[in-house]
Structure formats: structure tokens, C-alpha cells
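Subject: A structure for you to look at

Hi there,

Here is the structure I promised to hand over. Have a look at it first, and then read on for what was found.

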Amino acid sequence: MSDDQKDVVIAAYLFDDLAKKDFDAVLKLAEDKTITVEGVVLVQKDDEGEVHVTETGDHLGRKGAKLGGGVGLVVGLFAPPLLAATAVGAAAGAVTGRFAKHRLESGIAEKMDDALPPGSGGVITVYDSEGADSVDKALANAVKKSVAQIDGMSAKKLKAGLAEAQAGMGG
Amino acid sequence: MSDQAIDRSKLPIRRPPFQGVVNRTLDGSQPDWNFIAPIPAPKDAPNVLLVLTDDAGFGNPSTFGGPIRTPTLERLAEGGLKYNRFHTTALCSPTRAALMTGRNHHAVGFGMVGEFAGPFPGYSANLPKDCQPFPKTLQGNGYSTACFGKWHLTPDNMQGTPGPFDRWPNAVGFDYFWGFLGGESGQFDPVIIENNTAVGVPEDEDFYLPDAMADKTIEWIHGVRAHGSDKPWFAYFSTGASHAPHQVRHEWSDKYKGAFDKGWDKLREETFERQKQLGVIPADAELTPRSEAMPAWDSLDENHKRLYARQMEVYAGYCENADWNVGRVIDAIDEMGELENTLVIYIWGDNGASMEGTLTGTFNELTTLNGVPLTDEQQLQLVLKWGGLEAWGGDMMGPHYSAAWAWAGDCPFQWGKQVASHLGGTRDPMVVHWPEGFREQGGLRSQFTHVIDVGPTILEAVGLPQATHIDGIEQQPMHGTSFLYSLDDASAAERHTQQYFEILGNRGMYKDGWWLAWMMPRIPWNIDPETLKRFAPGVWDPENDPVELYYLPDDFTQARNVAEQHPEKVEELKKLFWEEADKYQVLPLLAGLTGFFGMVPPIPTQSTFTYYGDVQNVASGMIPRIYNHSYSISADLEIPQGGAEGVIVAEADHLGGFSLYVQDGKLKHTYSFCGVLEFRQESDRPLPAGSVNVRMEFAADAPKPATGGEVTLFVNDEPVGGGRIEHTVPARFSGYAGMDIGRDNGLPVERGYADKSPFAFTGRVKKVVFDVNPHLTEEDEQELHDHAQQALAGHAINA
């Protein structure tokens, strides 16, 4: 994984199938190694504002339940409480707090919280910033994109925390 | 008094001479019971139901080949007649003025709409007393009369409690009115007017205006018959549908799911073919091409295709519901056994379909009239913000569809609403049904007819003369020509052989089949000052505008411009247009847009507005003029021990408006910039109990349109909080939603108290004072005033 600065993008959609299409397009970028993608998730925000993860993909373009640190990074930056259900299971307490703290201090929270209105679908991805153009093209059907940055070192630390939590060493 | 003895042309009808004998006592006195009898209607006079829908095109209803199911219109057409050459003026109020008075719209002061009273006779928006509406004649001659729904003939500044009421429906011929006075209304949250009183926004969660209109109409007809067994009635059923906001429940819009995925180009082709099959257009008619101002459907991306398809699904459901409600009224009449002798005139549209949503359509039509420029992308984002496509058509948006759907709905013609020079703006379907009045069922009539003909037709049908005097004032003759002659004679030569058209500089002249189309070169949805500069005094010479000529007997759709082949006809019709324009007060052209060209009324001098107690439902056009400069709102409150909560004063809703309120013990202010942005401020401490003065001061950055500025909140003159408003609404918060003291009626400005709506104040609001004196330089004040007039005119165009 790269230590370079990374972009966090939340793309909002009017239509779920178009969100899925763009999700697959980003995943293809990862699979083809066109750019360095940490992970990508497809989410749905219900009318009450609760976010549900529909599908995930990792840095190799693989879909499904085998979540790596990259996918956890994406989920954690977007919605730390979701980590418990998706990435690190019951051992989420401390690592969730770390993500929440980072979001607040880095200003990501402010950008991300309103990015996805209730009732909409979204694609969230974290990737090396140099791949911005490619991701922008892949997210062709988004009606709104919100972008934030995270430096490579912070990303690495957060992922390490996730790895510890998943290994049952953290908490 | 025998029917023959009554002079029905002078109203009110004089009391008959007493025919009895009067002695000192009853001894020998002879009564005259006729002396106290009410004026009878002419013998066997029919009931009359006049239906008018709003902003709808020739190619919309299935009855005329369109995609929108209109079973009521079809039922009436099968039992009556379709008219395929009926014309309106191309704009709302003007058509209504012409319909009601039987006279040309400029001649009765309605060259423009009721929201804009201009300083020239043809544009005064004040119905002249010597051109009274024909319902006045019915009312004075024994009819019970009522109007339901949209009126749009009362000037904007006369819609409040102080009146005057002489241009409200009750004063011009209607015993009963239930509806709204302006040009548009929310379908879920209208401010209902009943007779001369604003009764406010219905609180029933299931309320839907078109349904309620039908309920009220049926209730009224039942009531008339209950109390007057022989009395004929006249009901004017004027739907808010299908004017924006396009609002209808899912059960109606979802019927059309997928129906418009094919797009407007294909829809138009299909409609055109059906129109030929139905025979409502000739077999040799040509389909006019799409204007380059509108995009081809195939050029759109997927998001836009789906958004636009949903826009049309909602519009279609909205229209079908309106027709269904007309059907409920028809059923009720039928059930009473009165349909046979009820003359029904059902006009589909007061002008062509509306292109005022601009090319993208809009989630909130008020953005257009406020000149808030929104890109395609922003429109999509705002749809997302307010609930996505499923919310389009509900009460969270005030939507209007893309101009290209309007064009498709005006199939097979060019253009649409406002464009009086072309049939897309002027020609609308009409159906007439009257089993006892004429024999043919399911026929088609193609004589030239116009909205000014309706009044004369109804009067002739019921056996009444046009009034020569009303309330002591000699009446001008009607300009329309009764089309009663055509009911029983499809081949009768047309009698209305000549008609001018003019709206916003778009001119048309019809004579004996020829039509001169003289369009002002402006895309109808462009109303920005830059565009209008091209038409300023001294810049624009209307004589130089491109001219088109059509011969309609050979060219039903205006597809073949023959101006070059017939220059002499062009000159003849140009000359005739100017003569007619002079005769009917059309001149000066563009007098409805004086605000854009430096002709503005004197600056108002009132700078403080005080509201005592719980004043409610202040008309949206009559709120204090707080736009574009500094202002303050001060309120004297009584807060009980333990605190209070609720709204102190609120205007309109989350799609544009402001609210000063108390929640969680704190003074709060929410300002919605057209639903695009929201700005909130709150006090940093709770309000004390007892007598409290609170104040919101807005300090504008500069006196200029849409200015930003700083808000400061005060409690007992002490600053307690504030914040910034980056953009303010420059023209008008809402087309219909009113201002309330002590509560926020209808949809709330602040969604954060939506669950407590109308969030009535639990303390006491003693008074609220607006200070709108901006303390400006004379120059700034004049500049703002000029802008306000432009904004008003801009709004009026879209009304």
C-alpha cells in the first residue's frame, strides 16, 4: 500500500443501480491496478438517516465479506459506528473512537456528514490522490461528490488499529 | 311579472310595479305575491358547468391523442362535441379575464397577470366596471352562481382583509367562492379563501386541493337544489392543475411509471399519430420540428433521462386526477338527473403547456422567478436533498417539469405558454356537452373559436341578453361571438373570422384562415434583465421582428411558413394587427414589463408594519418588503414561568421563507433561500419569563439584489447571538404560502419543528413589528425599487 496522500470521496446517487454501476467501475480500477485504491463501499442511507453497507470491495478488486484494512478504512472514515457491524466485529470500541477522533480533527466529519442525504445511495472510496481523475470518471453517474483528504501516515495508523482490533489484540 | 315583462339587460333588475291594491287597512287591500318573488331565470334555462384547467397543452389529454388518460373529457366528448380550433390568449389571467368578460383581455386591463398592475389601461389588472363578467348577468337573472379553485383576477395588492373586495369573485357575479385568488397554489397546503375571507391552510393531513374542490362543488350543487328546486345554477370549476407546483399523490403518478422513458421526441411522434387516428387533426397535417432551444432526448445522460421521465409521470398523474375530479362532479349532476339539461363546457388549458420550468425543470419553481441560476448538476443535487425522485410531486418540492415536456404536450404545434404568436401557446382542446341542447354525439367542430366567445355562447344558450347596464354603469358590448350556431351544424361557416393575439410582445393576427405569427425573439423561459435589454424602449422595434405567415385551412399545425410567397398578405395582417392593438388597448407593447424599463411606481412610504395578536394568512404578495436590504423584526412577548415555545412569526415554508421562533427555551431564526440553502441562528441563552422583547436584525452587506448580511438576535435589547446569511431571496418567498403571527401554518419553514406544526406559540405574542426602512441613500433606494419592480414583473410572467 502506498504512503501517499489519499482522497476520500463520497459520491451520492439518485438511483441505486447507477451507484452500483459506478461502484463496479471503481472496483475495476482496483482490479486492473490502474490506480491504488484502498477500498470501496456501496451504501444506502435510509429515510431516517441510518447508513447500511450494501457491498464492499478491496484493493485488489475483490468483492465480499473478506474485509481488509482498506475497506475498514473507508467504512471507518465515513461512519465509524458501522465498523462494529462490518469490519471489526465486537472488538470495535477503541478503534471506532480513533476513527471518530480523526474525522473530527481532520475536518472530514464536517464534509462527510451531509454528503449523503437520507434516502440516497452512495459510493465511498479511498484511493491515492494521484488517481483522482480516474476515479472521477468512474463515478460518472454521481449527482454529487464530496472529497476530503487523509495523509498516508494517518491512514496507515488507522489501518493498523483496525488490524489489531480484528486480530483481537486491540479493543 | 311575466318573463316577457322583465328587462333582463339592465342589472340589477328593477323591482316590478306593485299590481295589488293598498287601502288604509287590509280591508279591501289586494296582495301581489309576484311583487316579492325572486327574479326567475328564463324558462327551462339549463345549468351551466364551466371547467377550465391550467397550463395544459393540446396534445396532453387522451381525448385529443395525448398520453394522459382523461376519461371524463372522453365521456363528455362521446356524448357531445370536440372543438379542435379553440383558442386562448396564451397566459393565465388574460385568458381568465377574457373568459369571464367575453371581451379581449387588454380591453379589460389584463394584457398581463393579476400579480402585476401596470400603469397603462390595457395592463391595469383592474377589471373595468363597464366590462362586468357574464356571471354577473346570470346572477342577476335568477341563477345561483359559484366559483371553485383558481381565480387570478384580483390584483396582488388587494388580497388582504382591508380589501377592496370589488374585484374578488363575490363582487363580480359569484354567490359563493371557494379557492385561491392568485395564479398558483400548493395542492397539499393551499391558503384557502372562502368568499371574502382567508380561512387558511387546511390541517387535515389527507387534504388534497383538487379532491376538495370537487367535494365543495358537489356540496354546493346539492345545497342549491335542496333549497331551490327549480333554480338553475352556474358553476365555474377552475382547477389549479396543471399549473406548478406539480403535486399529486403516488397513486396517480405511479400509474405512469415508465410511460415516458421513451422521451419527448418519441412521445410527440406517437401523440401525432394518435391525433390523426382520432381525427382531431387532419390526415395531411405535418408535425412541426423541435426548436433548437430544446435538447434531443437521445443527447441526455441517464440521470437526466430518468429525472425528466419522472417529471412527466407526475405531471400526467396530476392532470389525470384533475379530470377524475371533474368526473366526480359530472357523476353528481348525473345522479341528480340534471346532466341532460346541463351545458358543460370543458376547456383543457388556459394557455398552452408551460415552458417556465426552463430546460432542466426545477425542484422549486420559485428559483426561476427569483432568478436563482441553477445548473443541471445543482438541480439534481437539490432533488437529492429534498428526497430524491420519489419526492418529486410531493409536498417537499414545488416542482415544474422541463420546457421540452411542455413542447411535447403542445403537439403538434410550435412553442407553448406565453407565445401568443403560435398555436402551441394559444390552441387548447374544448369539449361541449348538452344532451338537451343539441343532437349530435361524438362530433368534431372546427370553426375558429376563442375564449372571448364562451360568455356570449352561454348567455345565448340560457336565453339571456348581454347586459347593457350593470349597477347603473353602461356596459361595453362583448367582443366575442357565440358559437351556439355550430352545435348543430358542423359545416356552418365560421362566424368568428378575425382575432388578434398578444402576450409579452408575441403577436398573432388571424383573419379568414390566415395567421400572421410575429414572435418577439425571446426564448420564453428567459426573463433575465440582460435578455430584456434587447427590448428596451428605443432599442426594440417590433416592426423588425421576423414574421411568419400560415394559411391554416391547408396547414393545420403552422408547419409551412408562406410569408415569402405572400408579402401582400403579410402587410395586410401587420396593418390589421396594429389597428386592433390600438382599438383594444394592446399598446404600448410590453407595458406589462415596465418594471424592467425604468417605469416604476412611486416608492412606498410606509416603513413599519405592525401586527397585533395572531394575524394569520397574510397573502404572500402582501408581506412587508424585506427583500434586498436591511430590516428588523421585533416582537413583544409574554413568556410564562417555565418558558414557552413556538413560532413568533413565519413566512412560507422550507422552499423559501423565514421563521423567528422559540425552541428549547432559545430564540431561533431560520432563513431558507429558496430551498437551496438554509441559514440558522440562535440565542446563546434561554429567554427569561415575563414581558420580553425579542428582535432579529438583518444588516445587509449592501442594498442590492440577493444581498448577504449579518443577523443579530436581541433579547431585551441585549445581543444574544447571530450569524450570517450568505444569500437572501431577492423577489418573493412563495407564490402562495402566507405569513402568520404566533404560528407557522402549512408547511413549516424549519423542518426541525415539523413534527409540531403549526408550532403555535405557547406564550403570548402581543405584537410583531417589521421595520423595513433601510436608511438608504436615495440612489440606492431607487435602485432597489427598480429591482423590486423587475422581480415583480418576472414573477408575473411565470404566474
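Predicted model: local features only at pLDDT ≥ 70, side-chain atom pairs only at ≥ 80, totals over all residues.

The crossing of α7(B) and α9(B) is left-handed.

Which residues make this meeting? On the α7(B) side they are Asn303(B), His304(B) and Leu307(B), and in α9(B) their partners are Asp376(B), Leu380(B) and Val383(B). Sorted by class, the contact of α7(B) with α9(B) has three nonpolar residues, two polar ones and one charged one.

**Chain A as a whole**

Now turn to chain A, which has seven helices and five strands. If you trace chain A along its sequence, the pattern reads β-α-β-β-α-α-α-α-β-α-β-α. Chain A has 171 residues, and 51% of them count as buried. Take the contacts in chain A between residues at least 6 apart in sequence: 75% of these join residues at least 24 apart.

One helix of chain A deserves a visit of its own. Is helix α2 (residues 69–78) of chain A enclosed or open? Nine of its ten residues are buried, so α2(A) is largely enclosed by the rest of the structure. The buried residues of α2(A) are Gly70(A), Val71(A), Gly72(A), Leu73(A), Val74(A), Val75(A), Gly76(A), Leu77(A) and Phe78(A).

**Where the two chains meet**

The size of an interface is often given as the accessible area lost when the parts come together. Between chain A and chain B, the buried area is about 1000 Å², and carbon and sulfur atoms give 67% of that. Leu14(A), Phe15(A) and Val143(A) are the residues of chain A that lose the most area to chain B, together 57% of what that side buries. The contact involves eleven residues from chain A and twelve residues from chain B.

**Backbone details in chain B**

The bond from Ala244(B) to Pro245(B) is cis, with omega near 0°. You will find Pro245(B) in the loop between β9 (233–238) and α5 (250–253) of chain B. Leu587(B) and Pro588(B) are also joined by a cis peptide bond, and here omega is about -5°. Pro588(B) sits in the loop between α14 (567–583) and β20 (608–612) of chain B.

Next come two asparagines with positive phi. Asn195(B) has a phi of about 55° although it is not a glycine, and its place is in the loop between β7 (192–194) and β8 (197–200) of chain B. Asn628(B), again not a glycine, has a positive phi of about 75° and lies in the loop between β20 and β21 (631–639) of chain B. Are these residues buried or exposed? Asn195(B) is partly exposed, with a relative accessible area of 23%, whereas Asn628(B) counts as buried at 3% relative accessibility.

Leu267(B) lies in helix α6 (residues 264–278) of chain B and, at 3% relative accessibility, counts as buried. Not counting residues up to four places away in sequence, Leu267(B) touches Pro67(B), Phe260(B), Lys262(B), Trp405(B) and Ala408(B).

Gly263(B) is in the loop between α5 and α6 of chain B. At 0% relative accessibility, Gly263(B) counts as buried. Leaving aside neighbours within four places in sequence, Gly263(B) is in contact with Trp297(B) and Trp405(B). When you look at Trp405(B), then, you will find it touching Leu267(B) as well as Gly263(B).

Enjoy exploring!

Best wishes

Methods
Residues numbered from 1 in each chain as written. Chains lettered and ligands numbered in written order. Heavy atoms only, no water. Left-handed = near helix turned anticlockwise from the far one by under 90°. Helix = DSSP H or I, 4+ residues; strand = E, 2+ residues; numbered from the N terminus. Contact = heavy atoms within 4.5 Å. Nonpolar A, V, L, I, M, F, W, Y, C, P; charged D, E, K, R; others polar. Buried < 20%, exposed > 50% of the residue type's maximum accessible area, 1.4 Å probe, protein only. Buried area = accessible area lost by both parts, 1.4 Å probe.
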